[in-house]
Amino acid sequence: MATDQASLMALEGLMTEFFGLGTSNSRKHDIETILGNFGQQRGAWKQCLYYLAHTQNSYVSMYCLTTLENIINKQWVGLMPEERTEIRSTLYRFVLENHKVAPYYIRNKLVKLVVDIARLSWPHFYPDFFTNVLSLSRSPDTVVLCIVFLQTISEELACPREELSYSRRTELRRLLSQQVPTMLTLLSGLLEGVVEKHKNAVTATPPPSPTHSHSHSPSRSGLSSSPIQTGSLLSNMFHSLESGPTVRMGWVLPPLDPESETIASLALNCLTHLFSWIPLSSLITPHLLNTIFLFASLGADPQHNRHHNGLVEKNCVSGESLGVLAMGAINEIMSKNCVPHDFEDFLLQMFRNTFQLLQRLVREEPNTTSRLQLLDPSYIDKFSEFLRLFVSVHLRRFENNSQFPVLEFLALLFRYTFRQHCVEAYFNCLDVWSIFLDHLSAKAQGSQERAGITRYTDALISLARGILHKIQLRHNQAELEELDHEIREEILENNNAYYGELGDGEDVSEWHSFFTKNLELVAKIAELLPDEIFSLVYEPWNDATKIYLSLQSNMVEQDGRRRLNISAEHECPRLHCLLRDLSSLLQAIGRLSTLFLGEELPKRSTTAVQVIDKLVQMANYSTGLKLFEVQTAVEVLHSDFVEVHAQVLSSLRAWVHWLSQLYGQQFVQVFPGGTQTHQHQDTCHTINKQMLVAATSILNIGAPPLIVNCGVQLLLSLSVMVRSPVALEMNQVQSLYVQAPSISSDLKVRGLILRALVNFLLLPWPSFVVDHKLDTRKHHLTNFINSFTSDIRKLDVQRLADDKSMQESLAPKLCDTLSIIQYQHTSVCEEILALMVVVMQVLRVQLGAVRVEATIQTFLDVFTTRHHLQLAITTDNPAAVRVVDKFLKLLELIVSEPGQSFKRFIPNTITLCMDHIYPIVSDHSSPEVKSPLFELLRCLLEHNWKYFFKPSIHISLGAGNWDSIENEAQFIQIMQAFGQSFMQPDITIFKHNLEAMESLNSKYKLYHKGVFRNSLLVHFITVLLQVLVHRSQDLLQEEITITVYNMAAVDFSTYFGAFVPHFLQNMDGLDADQRTALKANFKTDTDLPTFTQNVQRFINDLRYYRTCNASLPPGTVKL
């Protein structure tokens, strides 16, 4: 005893030292080693139990419990029966004696250890486990402990996390399912007991009439003008459902005492977990459900939230209210998609209860805008999650049910959406509407269902109007002004989005994110009701545009500059709101341009022309007056003018797609003799000229970068999508060819302008154009390129190679000499290789095999001499690695070429990959090189299969059998590289190579080829099964199992009869009987689903046996 007490004091000293602030990391490592060695000792459990009973140090208690947990999970089989009994009884007794005084994490850990023992022993060696747990509910002192046990049982036994045999898992699930009715009855009784305890304090407060007036709805949300109305049917639906003489949905519980709140919280948590795995059946009774809804109603009661005293155990619910927990339980039921037919009436009752809560949520409170303001945000999130699950999973079941008034439900959802006071909560509601719109869009695909959409017309128009009000300052200024609205002025070189469109990550402001989320939903509604929604947007835009175009009358000349003569205190904010709303509506006009495309183009072309004319008028007006230079009384107006101008150009860019379709071939008329005319040629040319003028006129007037960027993007879009001959006829465009090299100090802007100018000359014109002027355009293009490359073409290559500063300054522009790469300047090499990748993508056929060979050979000479590859890969030089990456991409393009002229590169490519690159990276992580290397090998095999295997015509003529192979050594070398990658931890490369092999098998029957079947198949299956056993790539378990199936399918009889016994014979950690059992239990089904289940069972049982054997003490005799 004295020895145990001394060791306990030493352990407490170590734990205190370990967590002390002054302890060094090296000392902590030493202590960890000491503690780890102690836990591995035979009989350590005895000392842990002693320490647990005699210490007051929580660190020591947790250490002892963790050590015991490891013993139970990994050494239980190796303990004697009396030792197991002592551990089990001691832990259970300890938790009974200390559950009220021990910290919650100690109590919960003790409970888990007892349940872990039950997972291994119940009912065979622990028959009274469940009886003991249920008996705890009979005493008020242990009822909380009972619920903790029940939840832990649900967590640990329904889906065991530790290694167990498949049969034991199945047995546990079956045994636990038998106990579910008892568990549900007990939990329901506990919740009823809480209600019964407080029934004398309950006051009956029936809910308001569903037709209760909402005259005080805020006009900013458009609620008062909503055509969605509630009626008597809604009143009938939202009646109070009685679940007993004392429980009605209309009653509200007062704040509970801490003990009752703890019991209710734990019970609801436990029910939530049970609902996550038990099937929907009669076990979930209406009585239980109505009790849960009674607690869910607490979250909808602002008074309950105000009086929530927070004294409930923090360990139970993390401070969440009962309403949140109850809604979580309800959502677990809602998430189940598989609903028995006889359960649908039960679900309908459940929806009635929930929508009664929804009605209470949207009810107004005195002296506040909305009841939602007073509620717990977590409760709002849970309720929104319920609505999302209902619409996505169950709406289709009840949409046409006469007892479910869907329009009245949408009316409540509408009010719930626009009374949210948190942006994230509002976004959650928009997600619900988006799911509903997807449902309607799917229905609208069939003409017979189109009539079913019309019933929602008024609801959808109300929704669109509410959203449009939400994004306009004149309706929603208070909320919008709180959002960050910083304007982005940068531009991405390959950016295909118009200004204001939602970007990625942190590229957009809060306001743009908010705006785009709303606008995309409006666009979704417009797909169903295009004319109605476009009118909703066009009318306020047209009104705002008229005011914008009349601002010149309020400007005066002062000191040679224009000044806006609006300075009144109330006028400036009004103008600010107008300009911001105009900017928003411009973006909406651009987004809705897709409604005018395709089949809708002819019948809506008149409206489209009107919109474009007005946009062009706004662009010319803004440019002519240089509104971005106008002096204003407040700085924010200057930013507003800039943004409106930019949005005008961006909106025009969005309509370029419509213009390109108007230029389309479907409007071309062919007359006898081959003459072609275009029905809308004059209109197209006029609009194109107008857009070109709008895009080019802002380039040389000192406009802000944001406006210039938008103008250049418009110019580039016109050059790519319209391709009209009128561009080269315009003076504004012709002058750009002269000014291009120095037109902008921004390199990205200049690059986009150059691309647009080259596109005008290079891309083909429409077929109806009579004279394509190819010779003139070719001559002009040559002169244009020479004009800005002449300095580079005159460079002395030798001087450039010696002059480092010249290399740095000209590296991005070098394009005419490959010999520079021999001088090892990585930045120059990288630029050259980037250029060559593009050249090979576009012009490899035109260059011909001879020139391509000379180019590739230059690179090969550099990479295969003087250890350049090894230096580039092994040294910490990211630029050098990028050079290798680009060179491998270059080779990938060459080996992917289908023509025979490029096949001569295959041997050298394989040599480079397998003899020079792979040996360097095989034992290193090097993902930057390995990924492109294996992609190159995949392309080489996929596009050059005949290099290894003779085509079928040779086989048919008797030139060889179907297993004949050429270049066998190289093929095996590549396959071994793929196999080696499966033994390494990089999951990205593992997945890539697994998919590559599956693709090759699908196309060419890789696994059936003789060389693979005879030399490689067994090794691949062995490696993949070992990966499953060791769980090194658990995220790819399904993909690996499918690959094993396809490999086994080559010869199932050999797989089951020879491979599996051989694999088990060579697997360490198993005895002969276990190998025999595993082989006998591995069923020989050959369909994929069953085979997959059998492999999972086989791997699971194999791991379990290895774990059990590892827990046995040395020298154990196994009979």
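Among contacts in the protein chain between residues at least 6 apart in sequence, what percentage join residues at least 24 apart? The share is 75%, where contact means heavy atoms within 4.5 Å.

## Basis of the model

This is a predicted model, in which local features need pLDDT of at least 70 and side-chain atom pairs count only at pLDDT 80 or more, while totals for chains, interfaces and linings use all residues. Residues are numbered from 1 along each chain as its sequence is written, and side-chain values use heavy atoms, with hydrogens and water left out.

## Overall composition

The protein chain contains 50 helices and 6 strands. These elements are DSSP runs numbered from the N terminus, helices being H or I of at least four residues and strands being E of at least two. Of the 1119 residues in the protein chain, 53% are buried. Buried denotes a relative accessible area under 20%, exposed one over 50%, and partly exposed a value in between, for a 1.4 Å probe and protein chains only.

## Packing of α12 and α15

Helix α12 (residues 286-296) packs with helix α15 (residues 322-334) at an angle of about 140 degrees, and their axes are 7 Å apart. That angle makes α12 oblique to α15. Axes are lines fitted to C-alpha atoms, for helices over the stretch in contact, and angles run from 0 to 180 degrees between N-to-C directions. Angles under 35 degrees count as roughly parallel, over 145 as roughly antiparallel, 65 to 115 as roughly perpendicular, and the rest as oblique.

The crossing of α12 past α15 is left-handed, a term used if the near helix is turned anticlockwise from the far one by less than a right angle, with right-handed used if clockwise. From α12, the residues making the contact are Leu289, Ile292, Phe293, Phe295 and Ala296; from α15 they are Leu322, Gly323, Ala326, Met327, Ala329, Ile330 and Ile333. Sorted by class, this contact of α12 with α15 has 11 nonpolar, 1 polar and no charged residues. In this scheme Ala, Val, Leu, Ile, Met, Phe, Trp, Tyr, Cys and Pro count as nonpolar, Asp, Glu, Lys and Arg as charged, and the others, Gly among them, as polar.

## Asn331 within α15

Asn331 also belongs to helix α15. With a relative accessible area of 7%, Asn331 is buried. When residues up to four places away in sequence are not counted, Asn331 touches Lys382, Glu385, Phe386 and Leu389. The side chain of Asn331 reaches the backbone oxygen of Lys382 at 3.0 Å.

## Packing of α27 and α30

On the α27 side, Val642, His645, Ala646, Leu649, Ser650, Leu652 and Arg653 take part; they meet Leu706, Ile707, Cys710, Gly711, Gln713, Leu714 and Ser717 in α30. The class count for the contact of α27 with α30 is 8 nonpolar, 5 polar and 1 charged residues.

## Two glutamate sites

Glu481 lies in the loop between α22 (473-480) and α23 (510-528), and at 39% relative accessibility Glu481 counts as partly exposed. Apart from neighbours within four places in sequence, Glu481 is in contact with Leu473 and His576. The side chains of Glu481 and His576 are joined by a polar contact of 3.5 Å. A polar contact is a pair of N or O atoms within 3.5 Å; within protein, one must be able to donate a hydrogen and the other to accept it, and residues adjacent in sequence count only if both atoms are side-chain atoms. Glu481 and Trp511 are 30 residues apart along the chain, and their C-alpha atoms are separated by 8.8 Å.

Glu83 is located in helix α5 (residues 81-98) and counts as buried at 15% relative accessibility. Beyond its neighbours within four places in sequence, Glu83 is in contact with Arg42 and Trp45.

## Backbone features in loops

Most residues other than glycine have a negative phi, and most peptide bonds are trans. Trp122 and Pro123 are joined by a cis peptide bond, with omega about 0 degrees; Pro123 is found in the loop between α6 (104-121) and α7 (129-135).

Lys626, in the loop between α26 (605-625) and α27 (635-654), has a positive phi near 50 degrees. Lys626 is partly exposed, at a relative accessible area of 30%. Asn967, in the loop between α42 (952-956) and α43 (968-981), has a positive phi near 55 degrees. The relative accessible area of Asn967 is 32%, and Asn967 is therefore partly exposed.
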